[in-house]
Amino acid sequence: MNQDLSIGLQPSELSYSELKSIFDHGPSLNMVLKPGAPDFTVLEVSGSFLKILPRKRDEVVGRAFFDVFEENPSDYNSRNRRAIRNTL
């Protein structure tokens, strides 16, 4: 499988399994959310993202985004939750 999209290969020319492999094994931190407040359900998460999360794939996929990233008032990053919710 050729994962180098810079050679002119279009995503539509790749199979689902090839795209999934690129998503799972690429270096980007990606998460696919189902639109719809207030839940924004996590549909998929990249392998790179899972490496930095203290959770396994089955603990993330299918859950509401803000349940995956629970708020901790003493943590500066979790205080950004309101800003993220407003962005979504």
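How exposed is Lys20, in terms of relative accessibility? I looked this up before anything else, keeping in mind that I'm working from a predicted model. Lys20 comes out at 22% relative accessibility, so I put it down as partly exposed.

**Entry: Lys20 and Asp24.** I checked what the Lys20 side chain pairs with. I found a salt bridge to Asp24, with 3.0 Å between the closest N and O atoms. Both sit in helix 1, which covers residues 16–25, and because they are four residues apart there, about one helical turn separates them. Asp24 has 17% relative accessibility, so I noted it as buried; the cut-off for that is under 20%.

**Entry: Glu44 and Lys20.** I also found Lys20 in a salt bridge with Glu44, this time with the closest N and O atoms 3.3 Å apart. Glu44 belongs to strand 2 (residues 42–45) while Lys20 is in helix 1, so this pair ties together parts 24 residues apart in sequence. I have Glu44 down as buried, at a relative accessible area of 18%.

**Entry: Glu44 and Arg57.** Next I followed Glu44 to Arg57. Their side chains meet in a salt bridge at 2.4 Å, N to O. Arg57 is in the loop between helix 2 (47–52) and helix 3 (65–68), and Glu44 is in strand 2, so the pair links parts 13 residues apart in sequence. For Arg57 I read 28% relative accessibility, which means partly exposed.

**Entry: putting it together.** I can trace Lys20, Asp24, Glu44 and Arg57 as a linked network of salt bridges. My tally for the model is four salt bridges.

Terms used:
Residues are numbered from 1 along each chain as its sequence is written. This is a predicted model: local features need pLDDT of at least 70, side-chain atom pairs count only at pLDDT 80 or more; totals for chains, interfaces and linings use all residues. Side-chain values use heavy atoms; hydrogens and water are left out. Helices (H or I, at least four residues) and strands (E, at least two) are DSSP runs, numbered from the N terminus. Buried means under 20% relative accessible area, exposed over 50%, partly exposed in between (1.4 Å probe, protein chains only).
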